[in-house]
Amino acid sequence: MNSVSSVSPKYYIEEERFSIQHMKRKGVTAMPRPHSHELTELYYLTEGERVYFVDDRVVTVHKGELILIPGRELHATSSSEIAEFERILINYDPGLLPAPLQTEAQWFQHPRYRLFRLTLREQNEAEGLLHRMLEECRLQRPYYETAIVTLFTELMLLLQRSENTSQTGETKHPLHHLVTDVATFIRDHYRETLTLEKTAGHFFISPSYLSRVFHRLTGFHFREYIVHVRVREAERLLAGTSVKIQEIASLVGFEHLSHFNKTFKKSTGLTPLQYRKGS
């Protein structure tokens with residue numbers, strides 16, 4: 001699984017509210033741990049193909065496509081059958097954009113990502129803007145940060161005007177469909193007692209095979225993903241309702257409050273009560 005990389009520095013501006021990096025890589029890359037961050041992610045693929053796991057779905061991103069992922073949305077990437085790829089990655093605070101482009105609802109509804117399939121003309125425009133941003137970072141001429149934010153605003157306007165937007169990023173790869181279906185099944189049944197064996201039986205596959213492919217494409221172990229879904233739902237209930245914590249524990253599939261408290265703190269760094277008070 002050796003790989004050869006060509007990575008430019010990651011440039012930061014506006015007190016690290018914006019970063020940009022260009023990278024080329026050859027060879028199959030290992031699946032990183034699923035991660036999230038406060039800033040919105042913009043990932044443009046100039047060559048090759050990448051597989052994302054985001055919002056419980058396996059999404060294939062192809063050359064000339066761009067995916068947006070909101071801040072704090074857990075996601076992971078991995079290689080597809082096409083191992084070589086080249087991408088430009090931006091992380092940004094939406095507050096840097098003009099007011100009409102800041103609202104999250106403007107970009108994300110359901111699912112919690114946005115895939116843009118750009119036309120050739122739009123690809124040329126997008127790549128031109130991205131490379132000019134990188135050039136401004138390298139040269140650091142007077143007012144370069146202002147220039148980068150202006151170029152970035154142009155890019156986001158281009159995306160809003162794009163007519164080739166896909167919310168699904170559907171792929172014909174049967175394995176990707178399988179993992180998406182399993183993740184959806186877990187999301188629909190997380191309140192129940194779910195086991196690897198029971199879920200594998202539902203999809204008429206062996207538990208070992210399910211365990212292997214699920215981890216390969218999502219970065220999660222099977223049981224770990226169930227916990228993630230339960231904690232995410234608990235966060236929603238703690239922040240958006242006045243339901244008692246003990247009742248929330250039961251609603252999201254925990255039999256014992258002590259286990260819920262321990263699991264929630266391990267996942268978020270806060271107890272459920274601390275999370276509710278901070279929301």
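The model is predicted: local features need pLDDT of at least 70, side-chain atom pairs count only at pLDDT 80 or more, and totals for chains, interfaces and linings use all residues. Residues are numbered from 1 along each chain as its sequence is written, and side-chain values use heavy atoms, with hydrogens and water left out.

Start by selecting residues 257-268, which form helix α8. Helices here are DSSP runs (H or I, at least four residues), as are strands (E, at least two), numbered from the N terminus. Helix α8 has 12 residues and reaches 16 Å from its first C-alpha to its last, close to the 16 Å expected at 1.5 Å a residue (1.5 Å times one less than the number of residues).

Next, colour F260, T263 and F264, which are buried (under 20% relative accessible area; exposed is over 50%, partly exposed in between, with a 1.4 Å probe and protein chains only). Seen down the axis of α8, the buried residues fall within an arc of 100 degrees, so they line one face of the helix; the arc is that of the directions from the helix axis to the C-beta atoms. They pack against α6 (222-240), α7 (245-251) and α9 (272-278). Turn to the other side of α8 to find S258, K262 and K266, which are exposed.

Step just past α8 to G269, with its positive phi of about 85 degrees.

Now jump to S162, in the loop between α2 (144-161) and β11 (165-166). S162 counts as buried because its relative accessibility is 9%. Leaving aside residues up to four places away in sequence, S162 touches F116, L118 and E122 (contact means heavy atoms within 4.5 Å).

Finish at H215 in helix α5 (residues 207-218), partly exposed at 29% relative accessibility.
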